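Student: I am new to this structure and would like a close look at one strand and its pairing partners. Please then connect that view to other strands and helices.

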Amino acid sequence: MIILILGSGGREHTFAWKIAQSPLCDKIFVAPGNSGTAQIATNVDIKVTDFDAIKSLVLEHKIDMVVVGPEDPLVQGIHDFFIEDEQLKHVAVIGPQKAAAELEGSKEFAKEFLFRHNIPTAAYESFNASNVENGYTFLETLNPPYVLKADGLAAGKGVLILNDLNEAKAELKSMLVDAKFGLASSKVVIEEFLDGIELSCFVLTDGKNYKILPTAKDYKRIGEGDTGLNTGGMGAISPVPFATDEFLNKIEEQIVKPTIKGLAKDNLPYKGFVFIGIIKVGDDPKVIEYNVRMGDPETEVVLPRLKTDLVEIFMAISEERLNEIDIEIDERAATTVMLVSGGYPEAYEKGKEIIGLDSVENSIAFHAGAVLKEGKIVTSGGRVMAITSYGNTYQEAIKKSYQNIDKLHFDKMNYRKDIGFDL
């Protein structure tokens with residue numbers, strides 16, 4: 001098979017790394033890719049939302065399957081684009097159709113879905129610029145902290161958690177009236193705050209059947225002790241130590257099953273990954289959000305633990321026979337630590353040479369915001385590289401990642417030194 005992966009981050013490098021291990025795969029293209037994917041696949045400089053250019057690439061190279069990494073092309077309807085095109089409809093696409101991708105594309109849509117199917121989640125109301133005053137009134141009925149979520153896609157930065165009521169009102173105005181997150185915050189969902197510890201549940205579905213992948217926990221804040229600004233993710237661990245068999249069973253019965261049934265009932269066509277952000281409140285799971293693709297950096301700890309051939313799984317999803325596949329998981333723990341550019345998630349510089357990659361041992365360096373330039377690997381984004389390791393315990397795995405980080409360097413390199421600290 002010839003496979004195209006869309007995206008340029010650590011998630012896509014991990015997909016390429018895993019797919020390259022399959023005897024079913026003859027060649028991999030990645031668009032646009034990065035310096036990591038360049039070592040195992042052919043990078044093509046195409047934007048993930050340029051559907052016409054993607055079509056040309058697929059036809060030129062007789063590509064059999066497209067694996068969609070990021071959310072933007074899914075929310076914009078790339079799967080529908082393939083189905084509706086006579087020349088493309090035979091190509092397998094891993095990722096939901098546009099109607100189902102609204103689960104990530106709109107926070108309000110997701111909340112309505114959760115309530116409709118009696119899936120446990122926080123109470124909420126949504127507001128726009130025309131009823132911002134009602135939003136202020138609703139905030140006054142809540143106890144702090146206050147949770148404000150931009151309805152649309154805001155690159156993982158559209159959620160604010162604030163302790164001060166006046167600050168929450170000011171931020172609500174900033175989002176709705178001043179377009180703080182552009183069109184993404186033309187509508188804002190205000191939620192009750194849930195106090196607990198978070199984890200991510202990853203589910204594969206062909207629209208009828210499902211398989212649950214290992215859980216993971218990621219660390220979103222830039223600063224040690226979970227302080228500072230939200231990022232796209234500073235590290236992750238899998239499995240999650242506090243997710244007991246009993247708790248995992250609750251997730252499956254109360255969240256996963258009604259989600260998959262709800263997709264079918266609401267006629268939301270879905271072939272791909274469902275990423276469910278969950279919070280453990282007391283002993284019970286509640287849904288914080290849905291994403292319609294794998295998470296990053298969680299992919300860098302979940303896929304390395306998957307022993308089953310990923311291409312085989314994707315073929316089963318495409319052919320709606322996922323129930324025939326047995327998913328085998330590595331018993332070892334996996335951890336990843338994200339190296340980021342100085343200043344990230346605010347302004348940062350690019351083009352810094354990354355030194356020491358040749359000396360990494362017993363860890364995998366998944367490239368994210370890094371590209372090959374004049375024979376050197378240089379930084380090209382905020383989150384530059386994820387250093388993933390295995391261990392019999394997550395403590396052992398994390399130690400290996402940090403030992404290898406000591407061998408790496410680029411100007412103003414930053415990373416969190418406390419991944420797994422709270423477990």
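Tutor: Let us begin with strand E6 (residues 124–128), which runs antiparallel to strand E9 and is joined to E9 by five bridges. Helices (H or I, at least four residues) and strands (E, at least two) are DSSP runs, numbered from the N terminus. Two strands pair if DSSP finds at least two bridges between them. The model is a predicted one, in which local features need pLDDT of at least 70 and side-chain atom pairs count only at pLDDT 80 or more, while totals for chains, interfaces and linings use all residues. Residues are numbered from 1 along each chain as its sequence is written, and side-chain values use heavy atoms, with hydrogens and water left out.

Within this pairing, asparagine 128 has lysine 187 in E9 as its bridge partner. Strand E9 spans residues 187–191 and is mostly covered, with four of its five residues buried. Here buried means under 20% relative accessible area, exposed means over 50%, and partly exposed lies in between (1.4 Å probe, protein chains only). E9 also pairs with strand E7 (residues 146–150), in the antiparallel sense and over four bridges. In that pairing, lysine 149 stands opposite valine 189 of E9.

Another covered strand is E15 (residues 235–238). Both of its faces are covered: Gly235 and Ile237 on one side, and Ala236 and Ser238 on the other, are all buried. E15 pairs with strand E12 (residues 217–218) in the antiparallel sense over two bridges, and lysine 217 stands opposite isoleucine 237 in E15. Four bridges join E15 to strand E18, again antiparallel, and here isoleucine 237 stands opposite threonine 335 in E18.

Strand E18 (residues 333–340) also holds threonine 336. Threonine 336 counts as buried because its relative accessibility is 0%. Its side chain makes a polar contact with the side chain of threonine 388 (2.8 Å). A polar contact is a pair of N or O atoms within 3.5 Å; within protein, one must be able to donate a hydrogen and the other to accept it, and residues adjacent in sequence count only if both atoms are side-chain atoms. Leaving aside neighbours within four places in sequence, threonine 336 is in contact with residues including Gly235, Ala236, Glu300 and Thr388. Contact means heavy atoms within 4.5 Å.

Threonine 299 counts as buried because its relative accessibility is 0%. Not counting residues up to four places away in sequence, threonine 299 touches Arg11, Thr14, Met294 and Pro304.

We turn next to open sheets. One, of four strands, has the order E11-E10-E16-E17 with antiparallel pairing. Its edge strands, each pairing on one side only, are E11 (210–212) and E17 (284–291). The twist averages 35° from one strand to the next. Inside this order, E10 (residues 197–205) and E16 (residues 272–281) run antiparallel and are joined by nine bridges; leucine 199 stands opposite isoleucine 278 in E16. Helix H9 (residues 245–265) lies across E10, E11, E16 and E17, running at about 45° to E17. Axes are lines fitted to C-alpha atoms, for helices over the stretch in contact, and angles run from 0 to 180 degrees between N-to-C directions.

An open sheet of five strands has the order E3-E2-E1-E4-E5, with parallel pairing. The edge strands there are E3 (42–43) and E5 (92–94), each pairing on one side only. E1 (residues 2–7) and E2 (residues 27–32) run parallel and share six bridges, with valine 30 in E2 as the bridge partner of isoleucine 5.

Finally, consider how helices meet. Helix H1 (residues 10–19) packs against helix H11 (residues 310–318) at an angle of about 100°, with their axes 8 Å apart. H1 is therefore roughly perpendicular to H11. Angles under 35 degrees count as roughly parallel, over 145 as roughly antiparallel, 65 to 115 as roughly perpendicular and the rest as oblique. Phe15, Lys18 and Ile19 in H1 meet Leu310, Val311 and Phe314 in H11. The residues of this contact of H1 with H11 divide into five nonpolar, no polar and one charged. For this count, Ala, Val, Leu, Ile, Met, Phe, Trp, Tyr, Cys and Pro are nonpolar, Asp, Glu, Lys and Arg are charged, and the others, Gly among them, are polar.
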